[in-house]
Amino acid sequence: MQLPLPIHQIDDETFENFYTENSQLLLNSLTQNFSDVRQPFFYIWGGKSCGKSHLLKAVNNHYLLNERSASYIPLTKSNYFSPNVLDNADQLDVICLDDIQTIVGNEEWELAIFDLFNQIREQQGLFSQGKKTLLLVTADRPPNQLAIDLADLRSRLTWGEVYKLDDLNDDQKRDILQQNAHRKGLELSDDVVNFLLKRVDRDLHLLLAKLELLDRASLQAQRKLTIPFVKEILGL
């Protein structure tokens, strides 16, 4: 079923638990536009689990929690709703389009996003006093490598600031896992986190999902996270 409604939700991903080491320049520039939009367009690209979706959800949450209008749209799920989700999106304070590479070649989506860029650009007129919208777009590659059919959309993706989020290394993933464990009241020792990094797929989303599973199991069994307990719960 096609859902024409925008997605407004508050997630667990916030700025408080976003790993900032690889993105300080981006964050500095981005947050300057939260109160006064001078640069309305941000294109952020990088590999899997580098933090793109987390960042967009954190922005979305920040706006919603401050009673400002926002929409986070995961384009990986675009088959569940129509491009009409972007109707009147230029009336929002911020709109976050995640994984634009997944709609490449879809004429309706490409045209809808193209129109949105134009609508937001018109807000930036010299004497404009109306609402100004911030548009964030993510992808898995730089804009010039997207096989977009609509050439004018391809050019608009470079209208604003373009940033690459670097992949997280193992030390950074270790920090993130231990920080998340600490917030849950869990003690995740270096030995256990190193074991997870060696024995579980290094994809951060999967690692965090395993940590969530271990948290529930630890609470239920009233046991600490030891390597034998982790082996037992994860079947390793």
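Arg-121 lies over the face of Trp-159, 4.3 Å from the ring centre; a charge counts as sitting over a ring if NZ of Lys or CZ of Arg is within 6 Å of the ring centre and within 35 degrees of the ring normal. The model is predicted, with local features needing pLDDT of at least 70 and side-chain atom pairs pLDDT 80 or more, while totals for chains, interfaces and linings use all residues. Residues are numbered from 1 along each chain, and side-chain values use heavy atoms, without hydrogens and water.

The structure holds 7 aromatic pairs (rings of Phe, Tyr and the six-membered ring of Trp with centres within 6.5 Å; planes under 30 degrees apart are stacked, over 60 edge-to-face, the rest tilted). Phe-117 and Trp-159 form an edge-to-face pair, at 6.4 Å centre to centre and 75° between the planes. This pair links distant parts of the chain, 42 residues apart: Phe-117 is in helix α3 (residues 107–122), and Trp-159 is in the loop between α4 (151–156) and β5 (161–165). Phe-117 is buried, at 2% relative accessible area, whereas Trp-159 is partly exposed, at 32% (buried is under 20%, exposed over 50%, partly exposed in between, with a 1.4 Å probe and protein chains only). Elsewhere, Phe-15, Phe-34 and Tyr-63 form one aromatic cluster.

The lining of the largest pocket has 9 nonpolar, 11 polar and 9 charged residues (Ala, Val, Leu, Ile, Met, Phe, Trp, Tyr, Cys and Pro are nonpolar, Asp, Glu, Lys and Arg charged, and the others, Gly among them, polar). A pocket is an open set of points on a 1 Å grid over the protein atoms alone, where a 1.4 Å probe fits, with protein on both sides within 12 Å along at least five of seven lines; lining residues have an atom within 4 Å of a point.

Terms used:
Helix = DSSP H or I, 4+ residues; strand = E, 2+ residues; numbered from the N terminus.
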